[in-house]
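Please read it alongside the sequence and the model.

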Amino acid sequence: MVNGKKEEIPPFPHHKAYIYRCKQFFLAKRLTTHLTMGNFVTLKELYNGFKNKSSIPRVLLVDPTSDCNLKCKGCWSQDYESGHNISYKKFDDILDQAENLGIMDCLMTGGEPLLRKEDILKLCKKHDKMTFGAFTNATLIDEEFADEMAKLGNLNVFISIEGTKEENDFRRGAGVYDKAIRSMDILKSREIAFAFSACYHSKNYKTIASDEFLDYMREKGAWFGWLFQYIPVGSTADTSLVCTAEQRAYVQEKIRDYCVKHDYVIIDFWNNGHLAFGCLAAGIGFVHINAKGDVEPCAFCHYSDSNIHEVSLAEALRSKFFTAFRAAQPFSQNPLRPCPLIDNPQAIIDVVNEGDARSTHLSNPESPEDLAKKSFERAEEWGEKADELFKKMPEHNQKNFPKFLKYLAFKKGITDGRRKKV
């Protein structure tokens, strides 16, 4: 059921099948659903993890470039040194390695990945057993590109939009909202499934969680949505945009109710821990490679101890830092406090130091201690609110999360040869 009508879902790796798998994963009400979804992909990950002595992620995140054609307020991309690109040859090699490990989903971040759209189209065509997705500002989507997407069938786009035209262009620049909406019309006219991707912060959170905004995204053709909280990454980050506990709780409750009412999927990573396994970084669910080749736990965690130009993807997943990171998961027994960056900031200090990782934030590096300083107060505030919210959750959420964590401990025992009591 998509936006009120039934849609046929072609077999994986079609872009619509990817979205259906996301729905299965994030709305699973029991562990058996996770274990049997997508032609038993979870069991395959366990086997490949055992074989490679490392947790194998479901999703590979790659920054094809650090460059961007916009300069959005509060985005770390504008802090990056310009000119870093993963060459076509290296990207192709990374995808070969991923397929050999059993990773069949590749999402592209940045920078603006569609600055490399010709290379992306070639790679999607060559690796036609994988599904691809690009988080994009959508300014480079035109009819010609959409036609190529429709021919390929295995490429999604996730269009960044921040609320109303005024709220969007406040961060992204004049005229960007209109271009994003036009790109949605182009994709919808070709029956291409896409998602909206919104970063919510202290100035737009009510709009992002409103029925009016979400109804409009569905009307424009968005099959599902991604929500990201503003994270104060980088030494020059604007901390005034960080949501308070009350603002975050407002989004969490409104989004939950909307998704239930409309049978719609909106993935809010920091507030969806109860629907998955808490933090999914460092190979548990995904892994990130930036445009310089640094292998990072996630797109927001800019620390690494390995580079894809020097080691294989399998070796990076077994690195000292990643192993320390996974050993520390889950970072909380409350699934609404999954993240070491903003929910448990002492944890990011501990795992970075234990794993001998370095900052990879390019032009504005910061120590884990400096990053954590910006989040201690908010984390404490959110901890109290999160405990209150978890007690109000449906009984199946409260009962299932401990089961998920036992499975997580079992998985780490199989793949990393260690288990953490939960």
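## Packing of helix 1 and helix 2

Helix 1 (residues 15-26) packs with helix 2 (residues 31-52) at an angle of about 165 degrees, and their axes lie 9 Å apart. Axes are lines fitted to C-alpha atoms, for helices over the stretch in contact, and angles run from 0 to 180 degrees between N-to-C directions. Helices are DSSP runs (H or I, at least four residues), numbered from the N terminus. The two helices, helix 1 and helix 2, are therefore roughly antiparallel (angles over 145 degrees).

On the side of helix 1, Arg21, Gln24 and Phe25 meet Thr33, His34, Met37, Gly38 and Val41 of helix 2 (contact means heavy atoms within 4.5 Å). The residues of this contact divide into 3 nonpolar, 4 polar and 1 charged. Here Ala, Val, Leu, Ile, Met, Phe, Trp, Tyr, Cys and Pro count as nonpolar, Asp, Glu, Lys and Arg as charged, and the others, Gly among them, as polar.

## Aromatic pairs

The structure holds 26 aromatic pairs (ring centres of Phe, Tyr and Trp, the last by its six-membered ring, within 6.5 Å; edge-to-face means planes over 60 degrees apart). One of them joins phenylalanine 321 and phenylalanine 322 edge-to-face, at 6.1 Å centre to centre and 70 degrees between the planes. Both phenylalanine 321 and phenylalanine 322 are buried (under 20% relative accessible area, 1.4 Å probe, protein chains only).

Phenylalanine 325 and phenylalanine 331 also form an edge-to-face pair, with 5.3 Å centre to centre and 80 degrees between the planes. Phenylalanine 325 counts as buried because its relative accessibility is 1%; phenylalanine 331 counts as buried at 13%.

## Basis of the values

This is a predicted model: local features need pLDDT of at least 70, side-chain atom pairs count only at pLDDT 80 or more, and totals for chains, interfaces and linings use all residues. Residues are numbered from 1 along each chain as its sequence is written, and side-chain values use heavy atoms, with hydrogens and water left out.

How values were computed:
Angles under 35 degrees count as roughly parallel, over 145 as roughly antiparallel, 65 to 115 as roughly perpendicular and the rest as oblique. Rings of Phe, Tyr and Trp (its six-membered ring) pair if their centres lie within 6.5 Å; planes under 30 degrees apart count as stacked, over 60 as edge-to-face and the rest as tilted. Buried means under 20% relative accessible area, exposed over 50%, partly exposed in between (1.4 Å probe, protein chains only).
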